[in-house]
Amino acid sequence: MGMSVTIVAADATRDAEHILKLQYLCYQREAEIYHDWSIEPLTQSLEALRAELSEGVALVARLGDEVVASVRGRLDEDGTVRIAKLIVHPRLQRHGLGGRLLDAIESHFAADPAPAAKRFQLFTGHRSEGNLRLYRSKGYAQVATREVSPKLTLVTLEKAA
């Protein structure tokens with residue numbers, strides 16, 4: 001009998017190390033695409049991750065006790081929810097878990113009446129076709145691009161809350 005994946009709020013004390021290890025594993029593919037292993041998700045310290053978790057909302061997906069996916073979000077003073085670091089364990093990718101996590105973080109902020117979220121925003125690299133496909137399928141549209149280096153242009157996508 002298989003186990004089902006549950007999505008819950010992350011516990012910074014319990015989950016930080018698991019999220020960091022998963023983040024490191026998941027961002028290897030992005031590093032390969034852009035030939036850059038110095039990207040922030042691969043160099044982030046545990047302390048920096050814990051601080052990031054305390055500044056916003058983090059959700060994790062668990063398969064039993066194992067953290068297999070995660071996403072973070074933070075509401076800015078202008079009503080923009082900045083969604084970041086949506087990660088899914090490679091063995092569970094392409095099964096809808098990323099979409100479920102994205103829905104869950106959006107629902108979290110949409111259900112909180114004060115302060116109200118006006119829009120959701122996220123970004124990814126221009127060559128990250130799987131990410132772009134997922135975000136567009138969830139109603140996100142490109143609103144900006146920013147060249148970070150000759151190898152990487154960040155694509156910012158947004159949708160109304």
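Predicted model: local features only at pLDDT ≥ 70, side-chain atom pairs only at ≥ 80, totals over all residues.
Residues are numbered from 1 along each chain as its sequence is written, and side-chain values use heavy atoms, with hydrogens and water left out.

Let me begin with the charged pairs. A salt bridge here is a side-chain nitrogen of Lys or Arg within 4 Å of a carboxyl oxygen of Asp or Glu, and a search of the whole structure finds nine of them. One of these joins Asp 15 to Arg 62, with the closest N and O atoms 2.8 Å apart. Asp 15 lies in helix α1 (residues 12-34) and Arg 62 in strand β2 (residues 57-63), so this pair ties together parts that are 47 residues apart in sequence; helices (H or I, at least four residues) and strands (E, at least two) are DSSP runs, numbered from the N terminus. Are these two partners buried or exposed? Buried means under 20% relative accessible area, exposed over 50%, and partly exposed in between, with a 1.4 Å probe and protein chains only. Asp 15, at 0%, is buried, and Arg 62, at 8%, is buried as well.

Glu 40 and Lys 85 form a salt bridge in which the closest N and O atoms are 2.9 Å apart. This pair also links distant parts of the chain, since Glu 40 sits in helix α2 (residues 40-43) and Lys 85 in strand β4 (residues 80-88), 45 residues apart. Glu 40 is partly exposed at 38%, whereas Lys 85 is buried at 12%. Both residues belong to a network of salt bridges that links Glu 40, Glu 52, Arg 72 and Lys 85.

Now to the helices. Helix α1 packs against helix α3 (residues 46-54) at an angle of about 120°, with the axes 10 Å apart; axes are lines fitted to C-alpha atoms, for helices over the stretch in contact, and angles run from 0 to 180 degrees between N-to-C directions. The two helices are therefore oblique to each other, given that angles under 35 degrees count as roughly parallel, over 145 as roughly antiparallel, 65 to 115 as roughly perpendicular and the rest as oblique.
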